[in-house]
Structures are given as structure tokens and as C-alpha cells.
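The terms are defined where they come up.

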Amino acid sequence: MDRNDSRPLLSREQLIYAITVPLSTCIVLANLVIILGIAWNRRLHNTPNYLFLSLLVADLCTGVALPFIPLMGLNRELSSGSCLVAHFFPNFLFLAFLFNLVMVHYERYICIVDPLHYGNLWMHRSFPLALLAVWAPPLLYASLPAFGWNNWTASGPNATAPSSCPPNRTACCSYRRVFPNAFIYLEVYGLVLPAILAIGGMTGRVLWITRGQLRDICRLHRSLERGRRASDREHRLNLRYARCVAAVSVTFLACWVPQLIYMHVCIAFLISDTRWSSTTHIALSCAGVGSVAVVPLVLGLANRQYTEPACTLLRRARDRWCKGQGRGRGGRSEETVGNV
């Protein structure tokens, strides 16, 4: 590789690490806090929390792989085996994270929509089967390029390299050589987009059911109070529901819209077969994957049961620090009195 070509590549890699390493560190630490909270609290050792624990593990792995996802858009000199591994693991971890997220939303959706049959849910009766359902399909699909569904065999010394790789480099590692166009279309429109729509549909259905239940509660309250005007309690309930809807809407827009934009921009450039700015790709990929990885953290940090052990440790550390400061001040005051 020439020096003139290596300098931009190094600068792009430094930009990727500068953006993703702090974000990846925050995601990993936050997931560890919630995982330890579930592990230490025995009351949380049940199937719903085990499913959420699987999601947290997948999110933690996605946070670890976050710096490597934008690197998939750069052209690097790697062998075929190393190139397949560099593209296989980030793709598998992201798909596993997405499948786990759909499973957690589905379990909570059934809990609200059909509470009478919630205890007989298939994932409660066979938890290993639920784990197999969220980890095996991503593993099988992500490993298809390693079993021959790739463009690397068509990019030998006597073949024409993809447009993203210079023709004079036979060891150029690019996502176009690993993922065929059909593979990318199937993943985006057959796996990722339906999963996002399913999550949005289940969330909207839950909010609609909650709205209906809130109306029934207000009607019962008015019938008991025998009044036509809304009481302060009804106003508080409506305000709490409005805050819930606003929080869910903001979370969905902030976490899923960047990922949707990133996917469709990638598909647009893939269809046009044109090269685009690596800085734009880095920014969109970091914003898309990073924002999606925050979703389990929002769900976990909003539950006090998950964060109670960490809060207890912080309170103990604060109390010890305050006692140490108090002892230090008391010792200084005694020394001052003795000198006087």
C-alpha cells in the first residue's frame, strides 16, 4: 500500500475509534451494571428477566463490536479468511441483538395483551428453546458468506474487482466482496426492517390498550364520585400517560430513526453503485448502531429493581467517603484545640 493511500485510511480509522470507543465503553459499563443487578437480586431470577439478561448480553457484545462495524465500510488489505471473520462477527452480534430485542418486546406484549395465557407461554415452558430461537438464526444467516455466498471467489487475479476496491489489489477486503447484493437486501428488508416494524407495532398496540384501560378507570372513578367533571386524580393519570407516550415516542425517534436512515442510505448507494464519503458512512453507522444499542439500557435503567444494587453500592461508598471526611475534619479540629 502506498503512503498516500495509507494516510487517509489511518485518519479514518482514528476517527472511527475516537467516536466509537467512548460510546462502546459507556454501553459495556451500563450493561454490566444492569447484569449484576439482575444476578444479585434473587427475586429477579425468572424467565422474563432471563430473556432480558440474554438481551443485555447481546447488547454488551454489540457494544464491544461497535468499533468494528464502521470499519466494514473501509477497504483494507486482508486475506479472505480474515476478511470474512471481520465481517461475520459484527453482523452476527447485531442480528442476535435485534432478535433478542424482538423476543423481549413480544414477551412483554403478551403479558399485557393476553395476561390470562401469559403463564402458559411457550418461552416460559421451554426457555432453552427461546434462547435457541434468538441466537441460532442470526448465527446461521451471518455465516452464509463463509459457506460460499460471497463475491470473494469472483475477485481473483484474473477477475474484475468490485467498484469499491482498486483493481490492482487482490487482497482488498470490502463489504462488497463479502456480502452479495441479494444478501444485503434480504437482511435489510427481510430481517432488520420487519423486526423494527414489529417492535413499533407491539409498542403502539400496548399504548392503545393502556389508553383504553385508562378510560375505563376514569369512568369508574366518575361513577363512584358521582361527578361529571374530571378530578385531580384523573388529570394526574392522563398526565402520566401523556408523559409515557412522549417518552416512548422520543425514544423511538432517537434510537430507531438514525438506523433506518443509515440502512436506506446504504441501499441507495448500493443500487446506484457509486462511492460515497467515508466520513458520511462513519457518522451514519456510528449514529445508527450506537442509538439502537441504547434501547436495552433505557429499558433496564428505567427499572429500579435492576439498578438498586448499583445505587446501594454508590450510597455506601458515599457514606464511607463522608465519614472519612468527617473524621479528618474532627482530627484537625482536635489538633487545633490542642495547639491553642
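Buried means under 20% relative accessible area, exposed means over 50%, and partly exposed lies in between, with a 1.4 Å probe and protein chains only. The model is predicted, so local features need pLDDT of at least 70 and side-chain atom pairs count only at pLDDT 80 or more, while totals for chains, interfaces and linings use all residues. Residues are numbered from 1 along each chain as its sequence is written, and side-chain values use heavy atoms, with hydrogens and water left out.

**Secondary structure and burial**

The protein chain has eleven helices and two strands. Helices (H or I, at least four residues) and strands (E, at least two) are DSSP runs, numbered from the N terminus. Starting at the N terminus, the order of elements is α-α-β-α-α-α-β-α-α-α-α-α-α. The chain holds 340 residues, and 38% of them count as buried.

T62 belongs to helix α2 and is buried, with a relative accessible area of 2%. Its C-alpha atom is separated by 9.6 Å from that of F89, 27 residues apart along the chain. Q259, placed in helix α8, is buried as well, at a relative accessible area of 3%. V85 sits in helix α3 (residues 80–113) and is partly exposed because its relative accessibility is 44%. V85 and V178 are 93 residues apart along the chain, and their C-alpha atoms are separated by 9.8 Å.

**Aromatic pairs**

Rings of Phe, Tyr and Trp (its six-membered ring) pair if their centres lie within 6.5 Å; planes under 30 degrees apart count as stacked, over 60 as edge-to-face and the rest as tilted. Nine aromatic pairs are found in a search of the whole structure. One of them joins Y50 and F127, a tilted pair with 5.8 Å centre to centre and 55° between the planes. Y50 lies in helix α2 (residues 47–65) and F127 in helix α5 (residues 127–142), so this pair ties together parts that are 77 residues apart in sequence. Y50 is partly exposed, at a relative accessible area of 32%.

W149 and F183 make an edge-to-face pair, with 5.4 Å centre to centre and 80° between the planes. This pair links distant parts of the chain, 34 residues apart: W149 is in the loop between α5 and β2 (172–173), and F183 is in helix α7 (residues 181–225). Which of these two partners is buried? F183 is, with a relative accessible area of 0%, whereas W149 counts as partly exposed at 32% relative accessibility.

F88, F89, F92 and W135 form one aromatic cluster.

**Salt bridges**

A salt bridge is a side-chain nitrogen of Lys or Arg within 4 Å of a carboxyl oxygen of Asp or Glu. The count by this rule is two.

R315 counts as partly exposed at 37% relative accessibility. E308 is partly exposed at 37%, and D319 is partly exposed at 37%.

**Surface patches**

Patches are made of residues with over 30% relative accessible area and no salt bridge; like charges are joined within 9 Å, and nonpolar side chains (Val, Leu, Ile, Met, Phe, Trp, Tyr) within 5 Å. Accessible areas come from the Shrake-Rupley method with a 1.4 Å probe, and for residues only the protein chains shown count as cover.

L36, W40 and L313 make a nonpolar surface patch of about 310 Å². L36 is part of helix α1 (residues 3–40) and is partly exposed, its relative accessible area being 41%.

The place of a charge is taken as NZ of Lys, CZ of Arg, CG of Asp or CD of Glu. A surface patch of positive charge gathers R233, R236, R240 and R243. R236 is in helix α8 (residues 232–272) and counts as exposed, because its relative accessibility is 52%.

Technical notes. Lys, Arg positive; Asp, Glu negative; His and termini not counted.
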